[in-house]
Each structure stands twice: as structure tokens, then as C-alpha cells.
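Trainee: Could we go through this model together, one question at a time, with the criteria stated as we go?

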Amino acid sequence: MKKTALPKFFVLFFSLISISAFGQYKQAVDNHVLLSKNPSQSIPLKRLDELKIAVVTASPAHYAPFVSMLQRYAEVSSFDFHQYDEKTKYYNTIIVAGTIEDLRGDYLAMVQQSIVNRKHVIFCTFSPQNTVAGTLNNSFRQQNITLLDVADASPAHQEQMAMSIFGGLGITEGQNKTEQTRLQYTKGERSGLDIAKMTQKIDVIAQEAIREHAVPGLVVMAVKNGQVIFEKSYGYHTYENKIQTKTTDIFDLASISKIAGTTPVIMHLQELKIVNLDSTIGRYLYQAKGTNKENIPLRAVMLHEAGFTPFIPFYRDLKKGDLQTFPSENHQVKVADNAYLINNYYQDVMWPTMLKSSIKDAGKYIYSDISMYVMKEVAEHETSQPMDEYVTDFLYAPIGMKTAGYNPRNRFEKDAVVPTENDTSFRKVLLEGYVHDQGAAMAGGVAGHAGLFSTVNDLAIYAQLLLNRGDYGGVRFYNPATIDLFTSNQSKVSRRGLGFDRADPDPKKEYPSKLANSSVYGHTGYTGTCIWIDPKHQLTYIFLSNRVHPQVSTKLYELNVRSRIQDAIYETINEAK
């Protein structure tokens with residue numbers, strides 16, 4: 001489908017504006033990497049969607065810390081020097097890493113060819129300074145290469161080198177200095193926080209949740225001042241204890257989709273003046289004309305004040321033959337393994353039903369999934385592109401969100417995605433990489449209110465962009481005023497922002513936790529997830545689980561697991577003051 005040309009222009013335009021959010025980062029770690037040569041100020045790397053990156057080393061195993069850290073930031077393919085010439089021809093950015101012993105003359109000849117072929121070559125040398133670096137500077141003096149060096153190839157220095165390339169660490173020594181522009185993975189080093197004590201508290205709560213069968217497994221991450229201070233996985237994918245949960249696992253985010261999938265698109269379109277929050281649904285959607293939805297402003301929809309029905313269980317109205325266990329010409333909508341829905345059910349049944357649904361108590365806060373179904377339709381009509389493709393193109397890919405997206409089984413192996421419910425009422429199968437929400441599944445896996453899957457790391461990247469008020473990786477994606485507008489309280493009748501949930505002003509409710517403050521915004525998800533962003537403390541807290549496995553359970557709520565872990569993080573921060 002045809003894309004609008006405006007979004008790319010908008011992002012490129014704002015990437016040139018010198019509005020900086022770097023003050024949000026507080027780098028306390030000593031970085032020993034030197035940047036000897038930086039033509040075109042290419043380091044730190046910026047627009048990741050424009051780069052195809054390969055790293056070449058004498059031994060990928062020996063340089064595993066370096067390669068692994070590079071892959072935290074972007075899609076990076078790893079090769080050894082014997083594979084160099086053939087394997088790197090489809091890449092435009094080549095990272096060459098090694099010691100003085102590694103960089104043989106024949107290898108350097110292949111590097112020279114890469115330069116002739118107009119590839120951006122980044123040399124990373126792990127030897128006493130002024131040995132390899134000096135030699136390379138002389139050999140490639142007139143060449144358009146980037147050159148970084150550090151004293152040795154210890155794991156810590158390898159990780160520092162990788163972070164320096166992407167801006168996870170600012171380069172603070174030598175003449176060519178840089179600033180931190182992305183997340184820093186230094187495990188709370190020199191953060192001033194008692195990470196060990198905090199870890200003990202979180203471990204106890206997480207283990208209790210697993211022991212009491214509130215969740216089979218979970219992942220927790222906390223980021224403060226742009227530094228990942230905590231990242232840990234617990235338990236297994238299921239109670240059968242076959243596949244251990246990993247921090248790299250992909251989870252069904254449920255309603256976090258509202259603020260990490262649909263809302264960033266609406267924020268973008270509002271900035272472009274393509275969408276006006278004070279215009280009505282009927283202004284954007286022909287099918288809404290003549291319905292009770294026609295004159296409802298988008299602002300009311302985003303605040304859940306449109307009076308929509310909270311939830312319509314469409315799957316209960318399926319007729320015999322609408323769902324079958326094998327694909328056919330008329331059943332191409334895959335809602336789970338061995339479960340295929342009749343074509344166009346969303347267009348023919350679900351969407352018309354939503355448009356005809358009743359309006360009740362408009363102006364009051366009534367949380368409704370229909371709100372984000374509507375906003376997705378608005379976005380797609382205006383962009384001429386499916387929402388999942390649009391948000392990936394303008395946001396996820398440029399900032400390095402590698403896993404975030406819809407229908408993950410189209411992109412990843414089944415075991416990389418944590419299963420959710422053993423669905424006995426609708427799809428009659430364990431849901432493995434298919435969205436738990438029935439309506440989102442019936443809509444083809446892409447819906448405004450649900451359907452987004454992600455790792456904890458990708459969510460943390462998005463959260464840091466919000467904390468930076470629109471800037472990430474050295475590129476500005478939103479005006480600060482846009483972030484402030486959507487994330488702040490915008491309602492006279494609720495705590496809500498535009499799309500975003502917020503901390504409840506009533507301290508008795510202790511939502512999202514008893515120690516959260518009034519600046520906190522984010523969202524929870526039905527599958528047992530949450531993300532809470534705290535501008536006051538420059539803090540992100542993310543909790544991912546599959547509490548709906550094997551069946552929906554309320555124990556996660558009863559044990560107050562998510563809030564207690566959040567409080568453990570706040571206690572650590574408060575004790576350090």
C-alpha cells in the first residue's frame with residue numbers, strides 16, 4: 001500500500017534540530033575508549049533503519065562480549081575474517097575489530113576493498129594505544145574510516161567499545177568526545193544505588209509469585225538516568241519447566257499496545273497536523289457518518305470518555321463454520337495454531353458492530369477497548385498504510401526496537417515467544433505467539449488495543465525516548481511538547497493522559513505502587529505486564545509475565561507482585577538520597 005511521504009520528511013527535519021535531551025542521561029561510568037578518527041561525526045551511529053551492519057573479527061567466540069553488546073542495539077551480523085569478502089557485500093556498515101595480531105595484511109586488504117565499495121568502515125582496535133591505531137591511521141589516513149581504540153580486549157573493554165559505537169556510553173577521553181544517546185548496559189555500576197540489596201528484594205517477590213503459581217515466569221527491568229540498573233529473568237515459559245525464561249524472550253504486551261503501538265502513531269500524526277484531536281470520528285471515517293459515533297471528538301476517545309461499551313466478546317457470536325482447524329480459500333485469518341477464521345470477519349462483522357454499539361455516559365471515564373479500535377482505523381485511513389507497518393517504519397526500526405511488533409510468529413521461532421493461555425473456549429489450543437486477546441486475534445493480530453509483542457529491552461528503548469521527551473539515538477522523533485501533552489493528566493474526570501494511564505492521585509489506592517509519585521505514567525496489560533515511566537526520578541520500570549497461563553488467574557493481583565517490585569526499586573532510590 002502507498003505510504004505518505006510526510007512522516008519520513010518530518011523525522012529527517014527534526015533530526016537536524018539541535019534540541020538536546022542528553023541532559024536526561026547521567027553517565028557515571030569511566031569509558032576508556034578513544035575515538036581517534038570520526039569523519040562526518042558518524043559516531044555514535046544514528047538512524048539504525050538506514051544501516052545494514054556486519055561485525056568482522058578473527059574469532060567471534062573470543063569477541064563474544066563485543067558482538068553481544070552490539071546486538072543489544074541493532075541487527076548486527078557476525079562473521080570471521082575468512083567470511084569477510086563474500087558475506088559483507090550486502091552490508092553498508094562494517095565494524096572490523098581485533099588486536100595487532102588479528103589484523104593481518106590480507107585482512108586489511110579486504111577492508112581496503114570495502115572502502116572502495118563505499119562502505120562505512122569502523123575500526124575497533126583492542127591493543128595498547130598508539131600501536132594499532134597509529135598504524136591504521138597511517139595506512140588509511142586519506143580514507144573515510146572511523147577509528148576507535150582501547151587498551152585491551154577484556155570483556156569490560158569490549159562492552160565499552162560496543163556501547164561507544166551506538167552512544168550507550170559517551171566517549172569522554174581524547175580530542176573527539178561524544179555524548180550518551182542510547183541506553184547504557186552497565187548493571188548499575190557507580191549508580192550510587194545498593195543494587196545487591198534491591199536484587200535480593202526483587203528475587204524474593206519473584207520467587208514467591210512463581211511458587212504460588214501467579215506466573216510461571218517473568219522478566220523485570222529498571223532503568224535510571226539512561227542506565228539499566230536491573231535486568232533479570234525468572235522461572236520458565238510454562239509450569240512444565242522445560243524452557244527457562246530469558247531476558248530476550250518476547251511477551252504478549254496486551255493493553256500496553258495502546259501506549260506503545262497506537263498512541264505513538266497518533267502522537268506522530270497529530271504533530272504533522274494530519275490528525276486533530278478536537279476533530280470528530282466522522283471527520284476521518286466515512287463509515288462513522290450517520291452513526292452515534294460521528295460527532296465524538298478524538299480527544300474523548302483517547303481519554304476513554306466517549307461512552308463506548310467497554311468490551312464486546314465477538315468470539316462468542318461465531319457461527320458454525322466460521323472457525324476451522326485448517327486453512328482454506330475462505331479461511332485465511334490464522335488466529336492460532338490450527339485455528340483459521342473466515343475471511344473478512346473483522347470488516348464484515350466486528351467493525352460494523354462496534355460502529356452500531358450504544359453510547360452511554362459520554363463524558364465519564366469508561367475504559368473501553370473500542371477506543372483504540374477507532375484510533376487504529378483513523379490512523380490507517382490517514383496514512384494509507386497498515387498500522388503495524390507504519391509504526392515500525394517511522395519509529396521502531398530507526399531507534400533499534402528489533403522485536404517489537406505484531407504477529408511475532410511471522411518473524412520469530414515459536415520458542416522465542418512466551419506462550420499465554422491454553423484457550424479452551426475459542427481457539428482450543430495453547431496460544432504460542434498468537435495474541436491472547438480474542439478480538440485482536442480475529443482482527444488479524446493487529447488491533448489498536450492489543451496485539452503488540454516485545455522484549456523488555458525494546459520497551460525500555462521506547463520508554464527512554466519518552467523520558468528524553470522525544471529524542472533517542474541522536475535523532476528527534478517528537479517535539480517535547482507532544483510528549484508532555486499525551487503523558488500528562490488531560491482529563492477533568494479521571495487520572496488519564498491521552499492514551500496513557502497515570503498514577504492515581506488518591507494515595508489510598510497505591511496505584512501503580514505505594515511509592516509512585518504524581519509524575520508517573522504508563523500502562524498495565526491483561527496478560528500480566530506493566531510499564532511505568534517516572535520523569536521525576538528519570539526511571540523506567542517494566543514487568544513482563546504470562547499470568548494467564550495455563551488459564552486466567554488473579555493471583556498476580558492478589559499477591560500485588562508488580563507493585564511490590566516497583567516499591568523495592570523506589571526504596572533503593574530513596575535509601576540512596
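Mentor: Let us begin with terms: helices (H or I, at least four residues) and strands (E, at least two) are DSSP runs, numbered from the N terminus. This is a predicted model, in which local features need pLDDT of at least 70 and side-chain atom pairs count only at pLDDT 80 or more, whereas totals for chains, interfaces and linings use all residues. Residues are numbered from 1 along each chain as its sequence is written, and side-chain values use heavy atoms, with hydrogens and water left out.

Trainee: Where is Leu 51 placed, and is Leu 51 buried, exposed or partly exposed?

Mentor: Leu 51 lies in the loop between β1 (34-37) and β2 (53-57). Buried means under 20% relative accessible area, exposed over 50%, and partly exposed in between (1.4 Å probe, protein chains only). With a relative accessible area of 24%, Leu 51 is therefore partly exposed.

Trainee: Which residues is Leu 51 in contact with, leaving aside its neighbours within four places in sequence?

Mentor: Contact here means heavy atoms within 4.5 Å. Once the neighbours within four places in sequence are set aside, the residues in contact with Leu 51 are Leu 45, Asn 92 and Thr 93.

Trainee: Which strands stand at the edges of the open sheet of six strands?

Mentor: Two strands pair if DSSP finds at least two bridges between them, and the six strands of this open sheet, with antiparallel pairing, follow the order β8-β7-β22-β21-β20-β19. Each edge strand has a single partner strand, so one side of it is left without a neighbour in the sheet, and these strands are β8 (227-235) and β19 (501-502).

Trainee: What is the bridge partner of Asp 501 in β20?

Mentor: β19 and β20 (residues 521-525) pair in the antiparallel sense over two bridges. In β20, the bridge partner of Asp 501 is Gly 522.

Trainee: How many residues apart are Arg 190 and Asp 30, which meet in a salt bridge?

Mentor: A salt bridge is a side-chain nitrogen of Lys or Arg within 4 Å of a carboxyl oxygen of Asp or Glu, and the side chains of Arg 190 and Asp 30 meet in one at 2.7 Å, N to O. The pair links distant parts of the chain, with Arg 190 in the loop between α6 (155-166) and α7 (195-211) and Asp 30 in the loop between α1 (6-15) and β1, and the separation is 160 residues.

Trainee: Is Arg 47 buried or exposed?

Mentor: The side chains of Arg 47 and Asp 49 meet in a salt bridge (2.8 Å, N to O). Asp 49 is partly exposed, with a relative accessible area of 29%, whereas Arg 47, at 10% relative accessibility, counts as buried.
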